[in-house]
Amino acid sequence: MPVRPPPVLVLGMPRSGTTWVGRTLGDAPEAIYFNEPVSEVHVAEQGRATFFEVDPDNPPASYPWPARFAAAGVPAFGPATVAPLGLSARLGKRVVIKEVNPLAVEWYVRALDPILLTIVRHPAAVAVSLHERGWGWDGIYEQRFLERTRPSLPDVAANFWARIGAVQGIACHRVDAAFPAATVTYEGLCRDPQSSFVDLFEVAGLTWTDDVARSLQASTHGDITRGADDPLGTTRNTSAMADAWRSRISAEQLADVRAGWDATDPTRYLDDADWEL
């Protein structure tokens, strides 16, 4: 029961909007959605964090088979990753895979040859969201990179805020170098969801329908404006979410994030207005 190649890979930092994008694309009538199949297996088998640099020539043993199974539409994962799926339901469908390790982008591209869609969110917004949840980011800098990469890392302040800013800048450069089919910002998605998603559906080769439009409407007009109550949820008041982080970070923390971000010679979020509280 072959699926329709190539798969769509939605890739971005944790807390950057990848779940929202992946689930919305997965609402297409010809799509099957897999939520972090590689990360699910890696955490289960290795008990390690999901965000780290991957050697494209020597990936962890927990990476290749989940990627192959997901790309083939095989539901060999838990219910949080893929809904129950009969074999016949795979026939002719396009697989949408969402993952949150952009430092593995080169390996993903080699392994899946996907339609690559990347999501970028303001680095301070990601930093705030990760910090509020305490998602295991104590060693978020040198320890996340291969030994051969560590000497070239920017020298930034030894605190969470500066280091997470630098990590995101490095990740953005890695993803840009993979030449994605489309890159969208979370802020752009929030401010004009329908037009942004219509464009993504076209790039992904998926069909935009009235049912998809209604589902998107429901997911963007919820009553959650802060996002802390349901870290995996996608029902948000998106018009309020784009800049919600500005009231949840201090000026000193923001300055550290920007210093770490700027140390990577970024191509986005360069204007002073992007960094105002």
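**Close-up views of a predicted model**

**View 1. The largest cavity and its lining.** Fifteen residues line the largest cavity, and Gly12, Met13, Ile119, Val120 and Cys172 lie nearest its centre. Strands β1 and β4 and helix α6 are the elements that give two or more residues to this lining. The largest share, four residues, comes from α6. The space inside is about 140 Å³. A search of the whole structure finds two cavities of 30 Å³ or more. A cavity here is a set of points, on a 1 Å grid over the protein atoms alone, where a 1.4 Å probe fits but cannot get out; lining residues have an atom within 4 Å of a point. Grid points are joined across faces, edges and corners, and a volume is the space filled by probe spheres set on the points.

This is a predicted model: local features need pLDDT of at least 70, side-chain atom pairs count only at pLDDT 80 or more, and totals for chains, interfaces and linings use all residues. Residues are numbered from 1 along each chain as its sequence is written, and side-chain values use heavy atoms, leaving out hydrogens and water.

**View 2. The open sheet.** Five strands pair in parallel, in the order β2-β3-β1-β4-β5. The edge strands, β2 (31-35) and β5 (182-185), each pair on one side only. From one strand to the next, the twist averages 20°. Strands (E, at least two residues) and helices (H or I, at least four) are DSSP runs, numbered from the N terminus. Two strands pair if DSSP finds at least two bridges between them.

**View 3. Strands β2 and β3, with helix α2.** Five bridges join β2 to β3 (residues 94-99) in the parallel sense. Ile32 has Val95 in β3 as its bridge partner. Helix α2 (residues 37-46) packs on the sheet and touches β2 and β3. Its direction makes about 50° with that of β3. Contact means heavy atoms within 4.5 Å. Axes are lines fitted to C-alpha atoms, for helices over the stretch in contact, and angles run from 0 to 180 degrees between N-to-C directions.

**View 4. Ile249 in the largest nonpolar core.** This core has 31 residues, of which Tyr141 and Ile249 touch the most other members. Helix α6 (160-177) is among the elements that each supply at least two residues. Its share is the largest, nine residues. Ile249 touches Ala124, Val128, Trp161, Leu254, Val257 and Leu277, not counting residues up to four places away in sequence. A nonpolar core is a set of buried Ala, Val, Leu, Ile, Met, Phe, Trp, Tyr and Cys residues joined through side-chain atoms within 4.5 Å. Buried means under 20% relative accessible area (1.4 Å probe, protein chains only).

Terms used:
Buried < 20%, exposed > 50% of the residue type's maximum accessible area, 1.4 Å probe, protein only. 1 Å grid on protein atoms, 1.4 Å probe; cavity = no way out; pocket = protein on both sides within 12 Å on 5 of 7 lines; lining within 4 Å.
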